[in-house]
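Subject: Structure handover

Hello,

Here is the structure for your files. My notes follow below it.

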Amino acid sequence: MQIIKDGVLVEDGWIHLDDDAPLPQAGSVTVSATRWLKEREILLQRGGSLGLRIGGADDLDALAPDLAGFALITVEFPGLADGRGFSIARLLREDYGYGGEIRARGNFIQDQLFYLKRVGVNAFEFTQAADLAKMLPALEEFTVTYQAGCDERTPLYRRRNAGC
Amino acid sequence: MHTGMYQYDHFDQTLVNERVAQFRDQTRRFLAGELSEDEFRPLRLMNGLYIQRFAPMLRVAIPYGLLSSKQLRMLAHIARTYDRNYGHFTTRQNIQYNWPELARVPDILQDLATVQMHAIQTSGNCIRNVTSDHLAGVTPDEIEDPRPWCEIIRQWSTLHPEFAFLPRKFKIAVSGAARDRAATQVHDVGLHLVRNEQGEVGFEVLVGGGLGRTPILGQVVRPFLEKRHLLSYLEAILRVYNRFGRRDNKYRARIKILVREDTLERFRALVEKEWLRIRDGLLLDQAEIDRVAAFFAPPTYESLTVEQIAVPEKLALSDPAFFAWYRHNSVAHKQAGYRAVFLSLKPQGVAPGDLSGEQMDAVADLADRFSLGLVRVTHTQNLLLADVRKDRLPELWRELKALNLATPNVGKVTDMICCPGLDFCSLANAAAIPVALDIAQRFEDLDYLHDLGEVRVNLSGCMNGCGHHTVGHIGILGVDKHGEEWYQLTLGGSSSNDAALGERLGPSLAKGDVADAVVTLLQTYVDLREEEESFLDTLRRAGIEPFRERLYANH
């Protein structure tokens with residue numbers, strides 16, 4: 001399937017494993033935070049890339065020591081109104097220092113892409129049907145941002161007073 | 001040039017223009033069937049657009065209640081062009097239009113953008129328009145003008161990428177005076193400018209206040225916050241709320257519930273921990289504080305002669321009608337020779353807070369002639385001209401009388417706060433406006449009205465409490481009983497420094513009995529009061545019982 005990553009459409013081969021699904025020996029898979037905490041040792045012994053799925057209720061501190069080891073972290077959006085993922089993505093980038101791919105995954109909408117990009121999300125995977133090519137301009141919907149974010153580290157008041 | 005209010009630069013203007021373009025496209029996609037109702041809802045709400053009983057309702061932001069005459073003329077233009085020639089001012093210092101057409105809302109927003117206005121975040125589960133003291137900058141009891149801080153918060157909260165999909169709405173109010181005129185204790189966050197023991201000015205931060213189904217007063221989460229840390233502290237509060245606020249039940253989703261269920265101590269610990277982590281990266285520069293504050297610097301006031309200053313007092317001796325207006329609808333100004341003047345939007349027979357397009361234009365002209373071209377909206381749904389020379393008050397009074405904006409009732413029984421109620425709102429259980437008009441009629445006698453002194457009567461058409469009934473000295477809440485409109489009365493609420501939630505008086509009353517009940521309650525006060533005692537003081541001294549007994553004696 002296709003996803004948006006770093007501003008372009010790319011093919012994606014990650015498999016998102018349910019907690020009770022058998023573990024394939026190869027290939028790129030993501031697991032939930034629950035499964036990771038329960039099957040950590042087994043998962044570490046497996047070949048292939050491993051990704052972590054984080055939901056709004058997961059305890060980031062419990063996962064913190066392991067984060068750097070994941071090739072992908074998905075932030076789960078069960079619906080567009082559940083905004084916990086915005087804070088989680090930002091904390092992953094700014095507090096926990098995660099430098100890999102952060103992917104918003106779930107039931108969000110085009111009109112949230114710009115905000116998601118600003119809080120550190122660099123890939124977007126929709127679980128409902130979506131015309132991805134048509135959505136790309138939404139990543140650049142605004143040219144002005146007041147706040148500092150993961151995309152622009154300096155708040156507007158500093159840029160403004162610096163005369164730029 | 002002195003403007004007295006914040007002026008957009010190209011950054012601010014570009015952002016608002018881009019927002020208009022974004023909403024135009026969202027509306028187009030919705031009308032074309034590309035966005036579902038569920039997907040469009042949060043997007044339109046974040047631009048202040050509700051779908052109401054009869055038509056969409058558009059809520060336009062008036063940041064901290066401050067308007068230029070040019071902006072007010074644009075609001076008049078919108079009322080005439082897109083609506084039924086009136087607008088409704090709200091308790092959060094905004095204006096609502098009740099009859100716009102969905103397809104034309106992008107055009108309204110475009111018109112607003114030409115005068116540096118918008119409807120961003122006037123609704124939805126995001127940080128709402130920040131509100132403040134309508135006497136900011138002119139009141140003698142002020143520690144510091146709160147408006148620069150409101151503007152700094154406005155910019156920080158506008159399109160904040162992390163906090164656009166909160167568990168529920170989030171309201172911030174800022175007060176800089178000794179007397180709280182911004183109802184800060186019933187906001188999600190209330191900020192008070194205070195002076196500490198070292199003489200430095202900073203913020204006392206309250207959190208977890210709110211009205212609605214579960215009214216709660218805010219609690220002090222931090223007694224003193226240095227100004228430069230304002231945004232980092234707000235960001236820490238919002239992040240904790242966004243992560244841990246309840247999302248399973250919209251009636252339990254406000255921050256007040258999180259603070260109550262989690263306890264203030266634990267909530268504070270979470271906030272302070274997050275704040276320590278981020279605060280050095282989010283320091284406010286003095287240069288920015290100064291840049292914003294300069295817009296609100298006091299104007300160069302004129303020096304009046306003793307004779308000029310004495311003009312209103314002199315006329316008052318011979319004209320009791322002027323005296324009543326002067327005494328009740330104008331208040332002291334920090335500058336000698338000036339007064340701040342209320343325009344009452346509560347004359348007999350008019351829905352509280354409503355103003356016609358012609359009145360808006362006329363008020364804009366009066367603002368230019370009498371008050372440095374600025375108008376303010378109060379949280380009690382009136383307007384204010386903040387900087388009027390005393391010698392010009394008689395002339396202004398005559399102009400206002402001709403516009404039906406000089407009813408001398410500010411702060412009195414008939415100066416009611418009232419939500420749109422069942423006549424407009426799809427949430428309401430009962431009418432509010434007709435009940436308010438009915439009550440007002442019983443107090444047409446101005447001498448009696450003035451004798452009753454300061455009484456705050458607040459009406460809401462449902463328990464969501466947009467009419468602030470819980471903090472009315474007399475609160476009136478419309479409820480639905482088997483398809484009929486009934487009204488629950490409360491006594492003793494207040495949203496000022498002595499904030500309190502009203503106590504329920506007894507069984508609810510039929511619609512036709514509410515006005516009589518208010519008459520009875522106030523007659524009880526007159527009978528009980530000692531000397532100059534106010535309604536609220538009498539109630540607090542004598543207790544609710546005598547009022548209850550008198551009201552229900554015949555029921």
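Predicted model: local features only at pLDDT ≥ 70, side-chain atom pairs only at ≥ 80, totals over all residues.

Residues are numbered from 1 along each chain as its sequence is written, and chains are lettered from A and ligands numbered from 1 in the order in which they are written.

Interface. On chain B, 28 residues are in contact with 26 residues of chain A (contact: C-beta atoms, placed from the backbone, within 7 Å). The side of chain B that touches chain A draws at least two residues from each of α1 (10–31), α2 (37–45), α5 (147–157), α6 (230–244) and α9 (286–295) (helices are DSSP runs of H or I, at least four residues; strands are runs of E, at least two; both are numbered from the N terminus). α1(B) supplies the largest share of that side, six residues.

Core. The largest nonpolar core has 201 residues, and B:Ile237 and B:Ala436 touch the most other members (core: buried Ala, Val, Leu, Ile, Met, Phe, Trp, Tyr and Cys joined through C-beta atoms within 7 Å; buried: 20 or more other C-beta atoms within 10 Å of a residue's own). α6(B) gives the most to this core, 10 residues. Beyond four places in sequence, B:Ile237 contacts B:Val189, B:Val207 and B:Val271.

Loop. B:Thr122 sits between α4 (105–113) and β6 (131–132) of chain B. B:Thr122 counts as buried because 25 other C-beta atoms lie within 10 Å. Its C-alpha atom is 6.4 Å from that of B:Met46, 76 residues apart along the chain.

Regards

How values were computed. Contact = placed C-beta atoms within 7 Å. Buried ≥ 20, exposed ≤ 12 C-beta atoms within 10 Å, placed from the backbone.
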